[in-house]
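Visitor: I'd like to ask about charged pairs in a protein. Can you show me one?

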Amino acid sequence: MQFADLIVAWQKSHGRHHLPWQNTQDAYKVWLSEIMLQQTQVATVIPYYARFLAAFPTIHSLAAASRDEVLALWAGLGYYARARNLHKCAQAVVTQWQGEFPRQAQDIMSLPGIGKSTAHAIAAFCFGAKTPIMDGNVKRIFTRYYGIEGQTNKREIENRLWEQAEENIKQADKNLDMSAYTQGQMDLGATLCTRSKPKCEACPLQSSCYAYRENRQAELPTPKAKKTVPVRSVNMLVLQHEDRILIQQRPEQGIWGGLWSLPEFTDEQALQSLQNDWQQARQTALKMAAFEHVFTHFKLHIQPYWLKCSHLPLREENGNPGRHQWLPLDQLETTALPAPILKLLQGLHQFSGTVDLLGS
């Protein structure tokens, strides 16, 4: 049997068949799962996927939602550009494609936030198109099976992998079950051909696998060159008035784009300037415990300060509309807050009695 046929046979007997986005050809549901699963594990995605579909059961309902509603449901999944593009893509499908996903991979790729592999996966799962995929799981399988050296994020290596993927489909049975083949590659990478401690003894590709034969599973895929992870620092102000916190919407671009977070300041002088603007100059900000949040390319050192607001700052209420708002602490979970900020404010809410005592 050829490579693709072996994977199809294995998937049908040993693969995953009960994930919530399986057993459907609804392009909306398949697309949603594909976007959520980018750089995120299945176990993490499942509850988000269920909540998202409950709130937006159709692509029309997602397109009609506000960005804040979408980001609030996405908060905690990370890589927030995915959520913004998800919203834009839904609107594009509704306005440009009459609410129906295009059937051709090239047309699907023209939509916001959809790359080549995701477009091919949607075309294969939903429309039976004979198009290969090339996500992280597949790259790992291919580099080990075929003994392909080199970092998979390099154009030369990626092109070679795509060429091999095309060739595998050409060599397969003409009636190849594209849905089972596509899912099978994902399943094999997620359950057997894992990054560490692959379960080669159960793999249907074992007999012809280069890495197994040469005992090079730990060396392939070729590791990316390690880089020193830079650390950035930011000061944040938790300005509390009774049971509400002042939050600020972040710019569209950059980390946590479009989400609501806490006001930031550079140093003590900048903090004093903020207090003057908000008519809180006589109050003393308390320095809270600092913590770090790890992103893909850097670590963010967050130093929060807490300031009890004795009266509403008039300038903030009338100036810069739409950029700031007072958030009731009992609405934290329904607001589009970054995960570390949500955790910080949840702790504040939990111990609000102690905090009030400190500030009184």
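Guide: What follows is a short talk about salt bridges in this predicted model.

Visitor: Why is the contact between Asp-187 and Arg-16 called a salt bridge?

Guide: The cut-off is 4 Å between a side-chain nitrogen of Lys or Arg and a carboxyl oxygen of Asp or Glu. Here N and O are 2.7 Å apart. That is within 4 Å, so the pair counts.

Visitor: Where in the chain do Asp-187 and Arg-16 sit?

Guide: Asp-187 is in helix α11, residues 178-191. Arg-16 is in the loop between α1 and α2. They are 171 residues apart, so the pair links distant parts of the chain.

Visitor: What makes Asp-187 buried or exposed?

Guide: Buried means under 20% relative accessible area. Asp-187 has 0%, so Asp-187 is buried. Arg-16 has 23%, which lies between 20% and 50%, so Arg-16 is partly exposed.

Visitor: How do you know that Arg-84 and Glu-252 form a salt bridge?

Guide: Their closest N and O atoms are 3.5 Å apart. The limit is 4 Å, so this pair passes. Salt bridges that share partners also join Arg-67, Arg-84, Lys-88 and Glu-252 into one network.

Definitions and conventions
Residues numbered from 1 in each chain as written. Predicted model: local features only at pLDDT ≥ 70, side-chain atom pairs only at ≥ 80, totals over all residues. Heavy atoms only, no water. Helix = DSSP H or I, 4+ residues; strand = E, 2+ residues; numbered from the N terminus. Buried < 20%, exposed > 50% of the residue type's maximum accessible area, 1.4 Å probe, protein only.
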